[in-house]
Number of protein chains: 2
Amino acid sequence: MARFDVLGIGNAIVDVLARVEDGFLSRHDMRKGGMALIDADAAASIYAAMPPGIESSGGSAANTCAVAAGMGARVAYLGKVADDELGTVFRHDITAAGVAFPSAPLVGGAPTARCLVLVTPDGQRTMNTFLGACTSFGPGDVDPALVAEADVLYLEGYLFDPPAAQAAFQRAAAAAHAAGRRVALSLSDAFCVDRHRAAFRDLVRGAVDILFANETEITSLYEANSFEAAMEAARGDVGLAALTRSEAGSVIVQGTETIVVAAAPCAVVDTTGAGDAYAAGFLAGLAAGSGLAVCGKLGSLAAAEVIGRVGARPEKALRGLVAAPSPGA
Amino acid sequence: MARFDVLGIGNAIVDVLARVEDGFLSRHDMRKGGMALIDADAAASIYAAMPPGIESSGGSAANTCAVAAGMGARVAYLGKVADDELGTVFRHDITAAGVAFPSAPLVGGAPTARCLVLVTPDGQRTMNTFLGACTSFGPGDVDPALVAEADVLYLEGYLFDPPAAQAAFQRAAAAAHAAGRRVALSLSDAFCVDRHRAAFRDLVRGAVDILFANETEITSLYEANSFEAAMEAARGDVGLAALTRSEAGSVIVQGTETIVVAAAPCAVVDTTGAGDAYAAGFLAGLAAGSGLAVCGKLGSLAAAEVIGRVGARPEKALRGLVAAPSPGA
């Protein structure tokens, strides 16, 4: 048996969340629902213009890891924080969520990454990320022995933004396959797909065993005219894909099989982390030996939990949602 | 006309909030509902044991200032943060709330103060404060000219914990009275009253014009057997007192007058900052020229707003609650 069910790798980020009216986004030329990369100066000027906020650990794969651990999966995470106060916050929160976090902090370099998250009255989040210390995460931060100890290596598409992390991503994927493990990828964001489409297409065809994407990401990846066309392209490229469609739920494709899963009902307070939580529920289900329909349902339940509150991680561990696998399952 | 309606002085603190079961408090010898002062080592060890949290600007008087500004009052605040990341967060949040914050940060000393807030399932908060940079706030940080420009000087009882701040407190109160302004005091916490009872009794009798306290604080101050006995003692000592009683609302006493105000209905999610918000609503009402019954009602409404969510400050400005004073009021 592997030591971990999931090993996540991603940009280690602390979120700064504030509620704004839609006008704030247009005044600052922000694309609603997207993630923009910003430099230190832009981070300072957007922060100065933001209303009072709250700080909460984030990072796409880190959110997935924290939520999956709360659902009972055995999880580790790799990512780069600095040895500063926000880095301490990030380390505390992911460790307290039950995730092993062996990455050493960056000393004497850029500060811990932060994402300025603007939540509009419709519950949509618009993100502005200053990558800081994450840009120093590279292949040397990936221990192939650790990768070999996890059933699923989970990688976020955002890792393709800092160049050194791309190389780390490739090294980790190769180590996982060498050990007979599966590689999962989340496409992260439609604009991120735009930035790295060719590389992602190659990856999905070659190195990825499990693909997570939402409707805009998967149609962007294949430059498809419809969700159905993109879904069929994914079916041809990857062994297992879980494609989310907001309030329309999700569709899971594996070979010739297609499973449609309903969204769990919830009040939309803040969609920050919804996709991350879906992947967490799905992976926790896989770890517990559940069938794909149950995995999808667990994803929907976890997503509903974080959509119903401010921030990307639930207040409580969701352990009770995942049943122990039945004997022989 | 004064430049500010309210000038608050207090310990400038960032809260770290997490939900725990009651057993967490007993395992760590914490008194539920109270505030304990802790050193850096205890802060590290309690933080290590805490579940994942969120960070949100706090500090009793600072909360009052932020909420009062959100209700339309003209507010300034003095308090000491360090030149670190949490200090930047504190400064951003209070400034973004519309509060003038002229205090220079501490350079090269202790870090910004933090309060580890444990919220139990009943919505009660139990606080553990590491004062950090606040211990360096002293008389030199109080500009008498600024004090003279505010109608009401608002001081938190917690200021009596760091010794240099006591002296700052006295200097500020003297400057306010020399300029013909009023001095308001919040007793902050029953254990804080225990630590400084004699000094608080002298202050309330001599230097305080407006007193804010909850039931346990006022009965502790006078070592009284009943709320009524404590209320009568306060009536004899101070010109105006607003005494809160949780779900029983509040009682305002001024000379022979006694006004009973109902609590505003709300779901109890987290009582962090409820007393601070009551004082904010009350002071915003005074600033708008409202009568005492309306001031009390505004206090109840502001308190209900923060009790219904996690953290000490409301997500939205509460400007709409306060009507402009009628001509001649």
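How many bridges join β9(A) to strand β10 (residues 210–214) of chain A? Three bridges join them, and the two strands run parallel; strands are said to pair if DSSP finds at least two bridges between them.

This is a predicted model, in which local features need pLDDT of at least 70, side-chain atom pairs count only at pLDDT 80 or more, and totals for chains, interfaces and linings use all residues. Residues are numbered from 1 along each chain as its sequence is written, while chains are lettered from A and ligands numbered from 1 in the order in which they are written.

Strands (E, at least two residues) and helices (H or I, at least four) are DSSP runs, numbered from the N terminus. Strand β9 (residues 182–186) of chain A is mostly covered, since four of its five residues are buried, where buried is defined as having 20 or more other C-beta atoms, placed from the backbone, within 10 Å of a residue's own. On another side of the pairing, β9(A) runs parallel to strand β8 (residues 150–156) of chain A.

Turning to the two copies, a rotation of 180° with 0.0 Å of shift along its axis superposes chain B on chain A, with an RMSD of 0.0 Å, by least squares on the C-alpha atoms of residues with pLDDT of at least 70 in both. That is the relation of a two-fold axis. In chain B, the C-alpha nearest the axis belongs to B:Glu55, 2.4 Å from it.

Key. Buried ≥ 20, exposed ≤ 12 C-beta atoms within 10 Å, placed from the backbone.
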